[in-house]
Amino acid sequence: MILGSHVSLNAPEYFLGSVKEALSYDANALMIYTGAPQNTVRKEVSDFKIDEAALLLDEAGIPSQHVIVHAPYIINLANTVKPETFELAVEFLRKEILRTRLIGAKVIVLHPGSHVNAGEQIGLDRIVEGLNLSLKDNDDIEIALETMAGKGSELGYRFEHIAYIMQSVEKPNLIKVCMDTCHMSDAGYDVFAFDQLLDTFDEIIGLEHVRVIHLNDSKNDPGARKDRHANLGYGRLGFDFLHQVASHPRLAKIPKILETPFVNDLPPYKTEIRMLREGRFTDWIIE
């Protein structure tokens, strides 16, 4: 299994520290934010200890395709209400593409955006416009649009939204997908009929376009459209289903990334990765 988690990127070791953290969880994949996901403050990439991190990744046998960058939440390419928000999103995504390339990663996960009550079609067309501007000078870094839960006015909670974007942009070869198990259930998809869900996705988008899977349990009932992650086996999806996703032969080559909550202020990822590899749930959370 290709398993990892979100890992921190902090001083003094930055990206090197991220790789060390991932290895401490016995992971063979990882996902980072290049800075705080809630703002645009970023350190110079020259501080990231990229060469040392690349050497450690090579020694661990982790290829660049298993290193995922997640764009910050503040990027909203769907906004037509505030032009300055859209312009900031385009400018920052262009910079994030450059940072990703310098780090040596290949894929940026991006929340498609929220139409802010302007209407879904208007928002989708705005995303297409924003991606065209953002990808104008890029021919190598892929943008993986995340399947969303559908809270508020966010887009991407239907596979058809992502398919429309892919079919409408000027560089469709650079638009890929990040599946999120919690989000798909919260959006109303019957994830427990998982093979049928994969068939539906394949018909609408194409499984060959999936670049990463966010493997999260959900605190919500199906269709709640709330987006609240739970630890593996402690939510409505359950460990057996999530292990099925992690071990599914049609998804074998795709990195699965955990974004589950900390427990008692500690990361749960080493334990959750071990459970997935062993295929056995252990009741380990002590309140």
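Colleague: Is D26 buried, exposed or partly exposed?

Modeller: D26 counts as partly exposed, at 47% relative accessibility. Keep in mind that this is a predicted model.

Colleague: Where is D26 placed?

Modeller: In the loop between α1 and β2. The phi of D26 is positive, about 60 degrees, although D26 is not a glycine.

Colleague: Now Y14. What is its phi?

Modeller: Near 50 degrees, a positive value in a residue other than glycine. Y14 is found in the loop between β1 and α1.

Colleague: Is Y14 buried or exposed?

Modeller: Y14 is buried, because its relative accessible area is 11% and the cut-off for buried is under 20%.

Colleague: Which peptide bond is cis?

Modeller: The one from A11 to P12, with omega near 5 degrees. P12 is found in the loop between β1 (3–6) and α1 (15–24).

Colleague: Switching to the sheet. How many strands are in the barrel?

Modeller: The closed barrel has 8 strands. The order is β1-β2-β3-β4-β5-β6-β7-β10, with parallel pairing. On average, neighbouring strands are turned by 30 degrees against each other, direction ignored.

Colleague: How many bridges join β2 to β3?

Modeller: 3 bridges join them. Strand β2 covers residues 29–32, strand β3 covers residues 67–70, and the two run parallel. M31 stands opposite I68 in β3. The bridge partner of I32 in β3 is V69.

Colleague: Which β3 residues are buried, and on what side?

Modeller: V67 and V69 are buried on one side, I68 and H70 on the other. Both faces of β3 are covered. In a regular strand, side chains alternate between the two faces of the sheet.

Colleague: Which strands does α3 lie across?

Modeller: Helix α3 (residues 83–103) lies across β2, β3, β4 (107–110) and β5 (142–146). Helix α3 runs at about 145 degrees to β4.

Colleague: Last topic, helix packing. At what angle do α5 and α7 pack?

Modeller: About 25 degrees, with the axes 9 Å apart. That makes α5 roughly parallel to α7, because angles under 35 degrees count as roughly parallel. Helix α5 is residues 159–168 and helix α7 is residues 194–204.

Colleague: Is that crossing left-handed or right-handed?

Modeller: The crossing of α5 and α7 is right-handed.

Colleague: Which residues in α5 and α7 meet?

Modeller: From α5, F159, E160 and A163. From α7, L197, T200, F201 and I204. By class, the contact has 5 nonpolar, 1 polar and 1 charged residues.

Notes
Residues are numbered from 1 along each chain as its sequence is written. This is a predicted model: local features need pLDDT of at least 70, side-chain atom pairs count only at pLDDT 80 or more; totals for chains, interfaces and linings use all residues. Side-chain values use heavy atoms; hydrogens and water are left out. Axes are lines fitted to C-alpha atoms, for helices over the stretch in contact, and angles run from 0 to 180 degrees between N-to-C directions. Helices (H or I, at least four residues) and strands (E, at least two) are DSSP runs, numbered from the N terminus. Angles under 35 degrees count as roughly parallel, over 145 as roughly antiparallel, 65 to 115 as roughly perpendicular and the rest as oblique. A crossing is left-handed if the near helix is turned anticlockwise from the far one by less than a right angle, and right-handed if clockwise. Contact means heavy atoms within 4.5 Å. Ala, Val, Leu, Ile, Met, Phe, Trp, Tyr, Cys and Pro count as nonpolar, Asp, Glu, Lys and Arg as charged, and the others, Gly among them, as polar. Two strands pair if DSSP finds at least two bridges between them. Buried means under 20% relative accessible area, exposed over 50%, partly exposed in between (1.4 Å probe, protein chains only).
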